[in-house]
Amino acid sequence: MVQLDEDKLHSFVGKMLGDLGGAFSVPTVRVGLRLGLFDALHRVGPVTPADLAVAAGGLNERYVREWALAQAANGYIDYDSGSQMFTLSPEQAMVFVNKDSPVYLEGAFDLVAAMIEGEPKVERAFRTGAGVRWGDSAGCLFCATGAFFRPGYVNNIVQTWLPALQGVEEKLEAGAKVADVGCGVGFSTILMAQAYPNASFIGYDFHEPSIEEANSHAKAHGVGDRVRFVAATAKDIRDTDFDLVTSFDCLHDMGDPRGCADNMRRMLKKDGTWMIVEPIAGDRPEDNMNPVGRLYYNASTMICVPTSLDQEVGEGLGAQAGEAKLTEVIRSGGFDQVRRAFTGPFNMVLEARLSA
Ligand SMILES: C[S@@+](CC[C@H](N)C(=O)[O-])C[C@H]1O[C@@H](n2cnc3c(N)ncnc32)[C@H](O)[C@@H]1O
C-alpha cells in the first residue's frame with residue numbers, strides 16, 4: 001500500500017483548485033468581454049449590478065449580478081461589501097479594457113476556447129499521428145491567435161524588436177522592401193507599415209481566410225497602398241530582393257521550417273536580414289517548467305505540433321524548441337550569421353544574415 005504524504009496532497013489539491021478556478025473563469029470572462037461588461041464597469045464604476053446592467057446597454061440584472069460576483073471571486077474586479085458596489089481597478093483595466101496594453105488578454109481567453117473546440121480533432125490525431133490543418137481545428141483559431149499576439153506586437157515590434165537588428169531601422173526609414181512570412185491576419189505587417197511610411201510590405205500566409213482578413217485590416221487602417229497580402233506557403237514564395245523578411249511566431253508551426261529557411265535566404269538581398277520572432281524557451285525541457293512554458297507547451301500540443309505534422313516533412317518543432325534548435329534549423333537554410341538580438345518575457349528575437 002503506497003503511503004500518501006498528506007501535506008503534498010493538500011498543496012497539490014490547493015494548486016488544482018486555483019488552476020480550475022482559472023479554467024472555470026474562461027466562459028464568464030469571454031461573455032463579459034463580448035457584452036461590454038468590463039468596459040461599462042470601467043466607465044461607470046463603482047456601481048451596483050442593476051446600474052451596471054443598464055450601463056452595458058440594458059442587460060438582465062440577475063445575470064449581471066451573478067457575473068459580477070463571479071469576477072469578484074476570480075479577483076478580476078473588486079467588490080466593496082459596505083456599499084455592495086463593484087469597481088475595476090486601473091490594473092484590471094489593463095488586462096480587460098485597454099486593447100493596446102501589453103497585457104490585454106482577450107485574445108488569450110479566446111485561444112483557450114479555440115483549443116477546447118479543437119479537442120476532438122487533436123485527440124484523433126494522437127492515435128493516427130496525422131496533423132490537424134491550421135484553421136480546421138476551430139472556427140476562429142486564426143482570429144484568436146491574431147488577437148492573442150497583437151498586444152505584444154503593438155508594444156514591441158517597432159519599439160524594441162526592429163531596433164535590436166543591425167542596420168534595419170535605417171533601411172526601413174529610407175524605404176525598404178519587406179516580406180512578413182506567416183503573417184496570419186496581418187497585425188504585425190500593418191504595425192510596421194504604419195511606423196515606416198517609406199517602406200513597402202507584402203504579407204504571406206498559407207491560410208486564405210487569414211489573408212482575406214489581413215487585406216481588409218490593411219484597408220481599414222489606410223495602408224492598403226503599401227501593404228498587400230498574398231496566400232502562399234513559405235517555402236514556395238517566388239518573390240525576391242527583400243531587404244527584410246520577418247516571421248512572427250510561426251516558424252515552429254511550419255511543416256518544413258528548413259525548406260522555409262532556405263527560401264527566406266533566396267528571397268533576401270545579399271545584405272538582407274531575416275528576423276525570426278519565436279516563443280521564449282530554454283533549450284532543455286527542464287528550463288521551461290515555468291508559467292510561460294506551461295502556456296506554450298499546452299498551446300503547442302493543441303495547435304503548433306498538429307499544424308506542423310499536417311504539412312509536408314512534418315518537423316514538429318513545437319513552441320518550446322529553444323534557441324539552439326532554432327539556430328540549427330535557420331543555419332540549415334544557408335544563413336551563416338545567426339544571433340539572439342532581443343529577449344523578452346514571452347518572445348526571443350533571432351537575427352539571421354549572410355556573411356558579406
Ligand atoms: C501562430 S500563427 C502566427 C500568425 C501571425 N504571425 C501572428 O503572430 O499573429 C502561425 C501562422 O503560420 C501560418 N503557417 C503555418 N505554416 C505555414 C507555412 N508552411 N507557410 C505559410 N504560413 C504558414 C499559419 O497559417 C498561421 O497564420
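This is a predicted model: local features need pLDDT of at least 70, side-chain atom pairs count only at pLDDT 80 or more; totals for chains, interfaces and linings use all residues.
Local features require pLDDT of at least 70 and side-chain atom pairs pLDDT 80 or more, while totals for chains, interfaces and linings use all residues. Residues are numbered from 1 along each chain as its sequence is written, and side-chain values use heavy atoms, with hydrogens and water left out.

Seven strands form an open, mixed sheet in the order β5-β4-β3-β6-β7-β9-β8. Strands (E, at least two residues) and helices (H or I, at least four) are DSSP runs numbered from the N terminus; two strands pair if DSSP finds at least two bridges between them. Neighbouring strands are turned by 20° on average, direction ignored. Helix α11 (residues 208–220) packs on the sheet and touches β4 (200–205) and β5, contact meaning heavy atoms within 4.5 Å. The direction of α11 makes about 170° with that of β5. Angles run from 0 to 180 degrees between N-to-C directions, with axes fitted to C-alpha atoms, for helices over the stretch in contact. Strands β6 (residues 242–248) and β7 (residues 268–279) run parallel, joined by six bridges. V245 stands opposite W274 in β7.

The ligand is surrounded by 20 residues, each with a heavy atom within 4 Å of it. The closest are Y153, G182, D205, F248 and Q311. Helix α8 (residues 141–161) supplies the largest share of the shell, four residues. Polar contacts are pairs of N or O atoms within 3.5 Å; within protein, one must be able to donate a hydrogen and the other to accept it, and residues adjacent in sequence count only if both atoms are side-chain atoms. A polar side-chain atom of Y153 lies 2.4 Å from a ligand oxygen atom. A polar backbone atom of F206 is 3.4 Å from a ligand nitrogen atom.
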